[in-house]
Amino acid sequence: MARIPIDLVKGNIKKEEPISNLIVGIDLGTTNSLVAYIKDNQPVAIKDEQGKHTLVPSVIHFDENHDATVGTNAKAYLVKDPQNTIFSVKRLMGKAFKDLGEYQDFFSYKIIDTEVEETLVKIRIGNKFYTPIELSAKILSQLKERAENALNQPVQKAVITVPAYFNDAQRQATRDAGKLAGLDVLRIVNEPTAASLAYGIGQDKEMVKTVAVYDLGGGTFDISILNIDHGIFEVLATNGDTFLGGDDLDKAILEHWKTVYNIDAAQLKENQSLNQALRIAAETAKKALSSSNDFQTQVEAWTLELDRSTFEQLIHPLVQKTLAACAAALKDADLDKSAIDEVIMVGGSTRVPYVKEQVRTFFEKESINDDLNPDEVVALGAAVQADILAGNQKDILLLDITPLSLGIETMGGLMDVIIPRNTKVPIKAGRQYTTSVDGQKNLKVSVYQGERDLVADNRLLGSFVLRGIPPMPAGLPKIEIHFLLNADGILKVRAKELRSGVEQTVEVRSPYGISEEDMARMLLDSLKNAKTDMQSRALIEARTEADHLLLATSKFLQQNDAIMSDEEKTQVSKLAEALKEASQGEDKDLINTCMDELNDYARPIAHRSMDNTISNAMQGKKV
Ligand code: ADP
Ligand code: MG
C-alpha cells in the first residue's frame, strides 16, 4: 500500500516527481537492515508504512507453505517456531560448512553439511533447502518494496554495504543476493567507509585523515582503522569479535536478574515464554538505561529492577574486550592512538553512554562522532555513496581501485598492461620499450583499457605520437612509458626517450566513463576468451619475432657478403623465404620451427664472421 500525498492548500493530490537516476543505499545487517536515499541533498532512512521504524530486523520466518515473512513480524517466531525462523544469515554468507566450526550450535535452524567441502552451506526448512544468498535476497526484497512504496516509483539500483573484513566470496554472495532480489548492485561498499561518508568524512577531495570506526551491533563487534586520502579509502586494519554485541549485554542483564531474583535455570529451560519475556525485558532495560538512570518492569511475579551503575559494572568486561580489539587494530596498523583524527560510532549498541565514554577515553579524544543514529549511519553513508555514483555530486569522485586494466599497444596489436585492474589509486607505473625499425623517428603510443590480450578487443582511451626520436638502430632507443592515474580518474601518460630526453605527455580523461554492465561484459569476455586469446597472443608473438629475424637476416646477408659461399647465401635466402611464408600463415609452431632452422643454419656463419672481425682487429694491433 502506497501513501498518497495530498496538497492541503490546493486540495489535490500532489504528484511527486519521480527521482531520476535513483540509487538507494542498503545496510544489510546481521541484526537489522535498512534502506536509505538522498532527499533534498540529505540522506534519510526510509520508514515502514506506519512511518515509525527505519530498521527491519534481519529475521525470516517460513510458514508450512514456505511463505516467508520478513522483519518485525518474523521476530516473534524466534521463540515460537525456532526451526523455521532464520536470523543472523549474514554470518553464513559465502561460507562453507567447515568454516562454521564450533559455531554451528549458535543457529537454531538446520544448517546442512554438504558432501563437497567447498560447497556453500544451505539451510533446511522442512523439505526445502535455501542458500544464505536466497535468504538475504528475501530481506533485500523487503527493503526494495519498502522503498518503492515510500517513493512511489520503481527501485532498481542499489549500493549495499558489507563489513570491511568480508572476503571476495562473501562480497560476491552479497552481490548475488542483490541480483536475486531484482536489484542492480552498483557497488559493494565497506561499512566503515559508508559510516565515514555519512559524517562527511572523505567527501572533501583534499582531505587526508586517519579514522577509527567503532561498530558495536547486535551480535558483532568491528573496529576498522581507515586512511582517507583525497577521496581514497584504505583499510589499514580491522579487528573485532564476531560473537560480541548487544545480545551479550542483554545476556549479562539476564544473568544478573537470575541471580538477584533467584530465577531457576531449569524452570527457564522449560518455560520458553518466560525465558523470552525475560530476554525482552533485559533488552528493554538496556535501551531504557541509555537515556535514564533507573529501570523497573514487571514480569510475572517479579518486579525487575536495574540502575545504570549496576548495568555499567555488568558490561564492563565486555566493553574492555572491545577496547583490547581496538588496541590490537592500532598495533596492526602500526599507529599510535594520537594518529587517529576521528572516532566514529556505529551500531545500535553504541547508544549506551558507558560505551561511548569508554571509547572516547580510550582514544583520548575530546569528542567523538555520535550525532547520527548509530544504527542508521551505515545506510545513510551508503545513500551518499549511491548519490555520488548517480553523478549528483559532481565534484566528488570516490575511487578506491581501478576497475579495469590500463595498458598500451605493443608490436602486433598486443595489450601490454601497465596498471593491472584492482590496483589502488592514485598509482604511478612505468615500463621501458624500444623501437623495432632502424632509424625510427616516431613512436605511436595507444592507450587501452580492458582485460583481453589483443588491444582490438579492448577499449581505446586515446593515442599520441612521440616525435623526434634521434635516428638510432632498432632496439637502441630507451623509451619509457609512464602512467599516472590520479584520484579523479584522470590518466596521464608520458612517453620519454631516455637517451635524448625527447618527451611527450597526454592526459586521458576518466577511464571510468564506462557503465557497470559494460565493465562486467568486458571482464566476462576476458574470461571466456582467455584460451583463444592466449593462442592468438602466441601466434602474434611468433610473427613479431619472425619479422625481427627476417630484418636481421637481410642485414646479416649484407654485412657478411664477403665471408659467405654462394651455397650458404642461397640456403639462408631459402630458409628466410620459408619463414616469411610461414609467418603469413596461422601455424605458430611452423613459424617457430622455421625460425629455429634459420637460426641454426646461420649460427656457424655468425661465429665465423665474429672470429673474422676479431682477427681483423687483432691484425691491426701491434703487440
Ligand atoms: P547490526 O549492525 O548487528 O545489524 P544494529 O546496529 O542495528 O545491529 O544494532 C542492534 C543492537 O543495538 C541490538 O543489540 C539492540 O539491542 C541495540 N540497541 C538499539 N538501541 C539501543 C539503545 N537505545 N541502547 C542500547 N542498545 C541499543
Ligand atoms: Mg551494522
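The expected span of a helix is 1.5 Å times one less than its number of residues. This relation is applied in the first of the following close-up views, all taken from a predicted model.

**View 1. Helix α9, its length and its buried residues.** Helix α9 comprises residues 272-288. With 17 residues at 1.5 Å a residue, α9 should span 24 Å, and because its end C-alpha atoms are 24 Å apart, the model agrees with this expectation. Buried positions of the helix are L274, N275, Q276, L278, A281, A282, A285 and K286. The packing partners of these buried residues include the helices α2 (77-80), α7 (246-260), α8 (265-270) and α10 (308-332). Strands β18 (294-299) and β19 (302-307) also pack against the buried residues of α9.

**View 2. The shell around ligand 1.**

**View 3. Polar atoms facing ligand 1.** An N or O atom in the side chain of K286 lies 2.6 Å from an oxygen atom of ligand 1; K286 is also one of the buried residues of α9. A polar backbone atom of G348 is placed 2.9 Å from an oxygen atom of the ligand. For R351, the distance from a polar side-chain atom to a nitrogen atom of ligand 1 is 3.4 Å. Ligand 1 taken alone exposes 580 Å², and the protein buries 90% of that area.

**View 4. The parallel pair β13 and β14.** Strand β13 (residues 157-162) pairs with β14 in the parallel sense, and six bridges join the two strands. Within this pair, I160 stands opposite I188 of β14. Strand β14 covers residues 184-190 and is mostly covered, with five of its seven residues buried.

**View 5. The open sheet β8-β7-β9.** Three strands, in the order β8-β7-β9, form an open sheet with antiparallel pairing. Strands β8 (68-70) and β9 (85-86) stand at the edges; each has a single partner strand, so one side of each is left without a neighbour in the sheet. Strands of a sheet pair through backbone hydrogen bonds, either parallel or antiparallel. Between β7 (residues 60-62) and β8 the antiparallel pairing extends over three bridges. I60 is found opposite V70 of β8.

Methods
Residues are numbered from 1 along each chain as its sequence is written. Chains are lettered from A and ligands numbered from 1 in the order in which they are written. This is a predicted model: local features need pLDDT of at least 70, side-chain atom pairs count only at pLDDT 80 or more; totals for chains, interfaces and linings use all residues. Side-chain values use heavy atoms; hydrogens and water are left out. Buried means under 20% relative accessible area, exposed over 50%, partly exposed in between (1.4 Å probe, protein chains only). Helices (H or I, at least four residues) and strands (E, at least two) are DSSP runs, numbered from the N terminus. Two strands pair if DSSP finds at least two bridges between them. Contact means heavy atoms within 4.5 Å. A polar contact is a pair of N or O atoms within 3.5 Å; within protein, one must be able to donate a hydrogen and the other to accept it, and residues adjacent in sequence count only if both atoms are side-chain atoms. Accessible areas come from the Shrake-Rupley method with a 1.4 Å probe; for residues, only the protein chains shown count as cover.
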